[in-house]
Amino acid sequence: MSEPLKFHFPVSGGDFTSAGKASVQVKKLLRQLGISPDTIRRVAIAMYEGEINMVIHANGGSADLEIYGDHIKIILADTGPGIPNIDLAMQEGFSTAPDNIRSLGFGAGMGLPNMKRYTDDMQIDTEVGVGTTVTMRVNIA
Amino acid sequence: MKIQSIVDLLEAEVLCGADLLDGNVQSACGSDMMSDVLAYVKEQAVLLTGLVNPQVIRTAMMMDMHCIVFVRGKVPSEEMIALAVENGIVLLSTEERMYAACGKLYTAGLGGGEEDDT
């Protein structure tokens, strides 16, 4: 099996207005690689929500993209506060984001549910006080 | 519906993308909550919002939207306009409030896209 194409993107924390830049880059990259628009959109949305989460909750982190022949893997890692209750965090509408984030159009408790909705598989490894790694897989259509 | 028709119906000001008004949109979404917009995938949709920050443009980019209408006369920053120009997104500004703006477009035949879900 051939090696996947790998890309690494730092996600800077604290600067909400620039959140999503890595997702924009990924979108362009996948378009250049000739991936189908539907697959690109699913990867971009899932990664964008993840980036926003990392900026809101974890002061940034990193995003890694691995492109295989039949699927794309997105690995979002941070050293933030961790998620105490994943079941609760996965519920649509549950949010611990501060009010100022809500006034910016996010923090409605839709981030993780949207990430799950647009991916074929999503795993969350998290430890309170240590950090969170979200690994998502999108099958190439 | 042509983007030009949206301009006419909402008496909107064209902030950028004047050369793209011939483009078509097939559905619309009105929201200030970007995650709700992201939960709703439809190609060739127009976004109506009262929210003004760069994430509005990025959300539209993620969703492959061609047009954003800012309601209640809101005007985006130069940075947002530049981002829209770079990505071929038409930005419009209307004095209409969200409810009235959505109502006018809906009455004129632009649906919310739910029709396709069944």
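1. Lys27(A), Asp38(A), Arg41(A) and Asp64(B) are joined in a network of salt bridges, a salt bridge being a side-chain nitrogen of Lys or Arg within 4 Å of a carboxyl oxygen of Asp or Glu. This is a predicted model, in which local features need pLDDT of at least 70 and side-chain atom pairs count only at pLDDT 80 or more, while totals for chains, interfaces and linings use all residues. Residues are numbered from 1 along each chain as its sequence is written, chains are lettered from A in the order in which they are written, and side-chain values use heavy atoms, with hydrogens and water left out.

2. Lys27(A) lies in helix H1 (residues 21–32) of chain A and Asp64(B) in the loop between H3 and strand S4 (67–70) of chain B, so the pair joins two chains; helices (H or I, at least four residues) and strands (E, at least two) are DSSP runs, numbered from the N terminus.

3. Lys27(A) is buried, with a relative accessible area of 5%, where buried means under 20%, exposed over 50% and partly exposed in between (1.4 Å probe, protein chains only).

4. Arg102(A) and Asp99(A), both in helix H4 (residues 99–102) of chain A and three residues apart, form a salt bridge at 3.4 Å, N to O. Arg102(A) is partly exposed at 33%, whereas Asp99(A) is exposed at 61%.

5. Over all chains, the whole structure holds eight salt bridges, including one between Glu96(B) and Lys104(B) at 2.5 Å, N to O.
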